[in-house]
There are 2 protein chains.
Amino acid sequence: MSRAQTDNTYGTVILVGAGPGDPDLLTLKAARLLGQADAVVYDRLISADVLSLINSNAEKVYAGKGRNRHSMPQDEINETLLSLAKTHELVVRLKGGDPFTFGRGGEEAEFLIARGVSVEVVPGITSAAGAGASLGLPLTHRGLATGVRYVTGTCRKGEELVLDWASLADPDTTLIVYMGLANFGTIAENLIKAGLDPKTPAAAIENATTKSERLCVATLATLKAEVTRHEFHPPTLIIVGRVVDVVDQLKFATGKYVAEFEELLDDAALP
Amino acid sequence: MSRAQTDNTYGTVILVGAGPGDPDLLTLKAARLLGQADAVVYDRLISADVLSLINSNAEKVYAGKGRNRHSMPQDEINETLLSLAKTHELVVRLKGGDPFTFGRGGEEAEFLIARGVSVEVVPGITSAAGAGASLGLPLTHRGLATGVRYVTGTCRKGEELVLDWASLADPDTTLIVYMGLANFGTIAENLIKAGLDPKTPAAAIENATTKSERLCVATLATLKAEVTRHEFHPPTLIIVGRVVDVVDQLKFATGKYVAEFEELLDDAALP
């Protein structure tokens, strides 16, 4: 429902996790909100299948890469949300994965709440959980990983990637790298220098949980070359750790991906 | 649908994430499967609201604490799933949170796949994402946490908790401790010894995302005493890191918990 421009109060902004891609992995609450929203601001990595669940009367605003290939800066997204909240009752901010796990949801919520806007957050399935379930790759597993760690592989333009390599080079923890495709060469090099075995299994998953999902299994040392050769593109998630080996035992669970998986596994130049 | 006992093939077993507690946070796929299942094997921490979505014709098997207060051993759960797959088309193994994040889902899948049973996995919202969204506590936040790490705070009876404390004592990473209520005294002590500031903000969330959710905010040094004083019980999730401070700025987002939160915050003996 539209609000009168003269109304001093704001509508509600709900940060909604869109999950990893498969619309069937939206939460019940997220799906319902897409049907009720008066306006939806969405990122570039939201799948078309998820977008198709937005009701046709909602104003849709794209916050991803535009015609000049630049993403909308965060300040502009914040202002867009505030402005929509002036004129719409229910504004949904739709974010890939989970809004509070590398989603910058906290920044958007802070900005809006400081200006008196009501904010709610609906969690989403993060890509790693989606990819793991889709491929038969447990993130923790008895004897292989006692924990799991999520980092982001991006840094601001011109800056160096600052991560605590010694702490990350832990053979007992599954390491999940979001947005790490471009920098994975540097990441692998640093992890190896910090003592992680170059033969540690590593996997890349492109478009996890969607029809175009692809899996590349290699090792920490060889994954970068393999994903380059197979032309992986974002969104690609990287998983490093002994749990990657379990994919092989559980591959029957994921019938639809076995062919690609086996082809890629054969290709992988295991050292 | 029941299968004839003489049929040699198996039905399908689907490991389904039940999410953090709020039934509205089930995925569309999980909710649909609960309506279709012929048998459901569920853990003790699944909320009654989620269980109410199971169709009334399904055979329900409880794998949690029984009359003698012992959980069903993992071997027995595995055998139960195999046995149900002989006689039922669609067996749902319903697990709290996400089946592949501390859910032992990998072990169950391995056991079943090795015996020729078709297995699928449906991811779930893990408690940390659910709690963060419910309370306005981002797991990552610019300037406060570059990553997030999940560990479990339990160990087998009589054994010592083995964690890499030096690696865990990282002020730039949000540390999530699952099932860590009983051992949090030891955990905090070890983190402080390993160099983490005793004043690091720390929060405990009991029954995250449900009507009985409770939040306790304190510091790494004081949280154990506070949760003891306020009689927190499992399931309680613990979050350690600077992002806990953001709860204060975002608390308007979570109106229904503010009263409890402020009371507990006033109570917390901040050093």
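Biologist: How many salt bridges does the rule find across the interface of chain B and chain A?

Modeller: In this predicted model, the rule finds 6 salt bridges across the interface of chain B and chain A. One pairing is that of R32(B) with D24(A), where the closest N and O atoms lie 2.7 Å apart. A pair counts as a salt bridge when a side-chain nitrogen of Lys or Arg is within 4 Å of a carboxyl oxygen of Asp or Glu.

Biologist: How many residues of each chain are in contact, and what area do the chains bury between them?

Modeller: On chain B, 54 residues are in contact with 54 residues of chain A. The two chains bury about 4500 Å² between them, and 59% of that area is on carbon and sulfur atoms. D24(B), L28(B) and F100(B) supply 14% of the area that chain B buries against chain A, more than any other three residues.

Biologist: What does chain A contain in helices and strands, and what share of its residues count as buried?

Modeller: Chain A has 10 helices and 10 strands. It has 271 residues, of which 59% count as buried. Its accessible surface comes to about 11500 Å², and 50% of this belongs to carbon and sulfur atoms. As for contacts in chain A between residues at least 6 apart in sequence, 70% of them join residues at least 24 apart.

Biologist: Which residues of helix 7 of chain A are buried?

Modeller: The helix repeat is the place to start. An α-helix has 3.6 residues a turn, so residues three or four places apart point the same way. In helix 7 of chain A, residues 184-193, the buried ones are F184(A), I187(A), A188(A), N190(A) and L191(A). They cover an arc of only 165° around the axis, which puts them on the same side of the helix.

Biologist: What do the buried residues of helix 7 of chain A pack against?

Modeller: They pack against helix 6 (165-168), strand 7 (173-178), helix 8 (223-229) and strand 10 (236-240) of chain A.

Biologist: Which residue with a positive phi follows helix 7 of chain A?

Modeller: G195(A) follows helix 7 of chain A, with a positive phi near 110°.

Notes. Residues are numbered from 1 along each chain as its sequence is written. Chains are lettered from A and ligands numbered from 1 in the order in which they are written. This is a predicted model: local features need pLDDT of at least 70, side-chain atom pairs count only at pLDDT 80 or more; totals for chains, interfaces and linings use all residues. Side-chain values use heavy atoms; hydrogens and water are left out. Helices (H or I, at least four residues) and strands (E, at least two) are DSSP runs, numbered from the N terminus. Buried means under 20% relative accessible area, exposed over 50%, partly exposed in between (1.4 Å probe, protein chains only). Contact means heavy atoms within 4.5 Å. Accessible areas come from the Shrake-Rupley method with a 1.4 Å probe; for residues, only the protein chains shown count as cover. The arc is that of the directions from the helix axis to the C-beta atoms. Buried area is the accessible area (1.4 Å probe) that two parts lose on being put together, summed over both.
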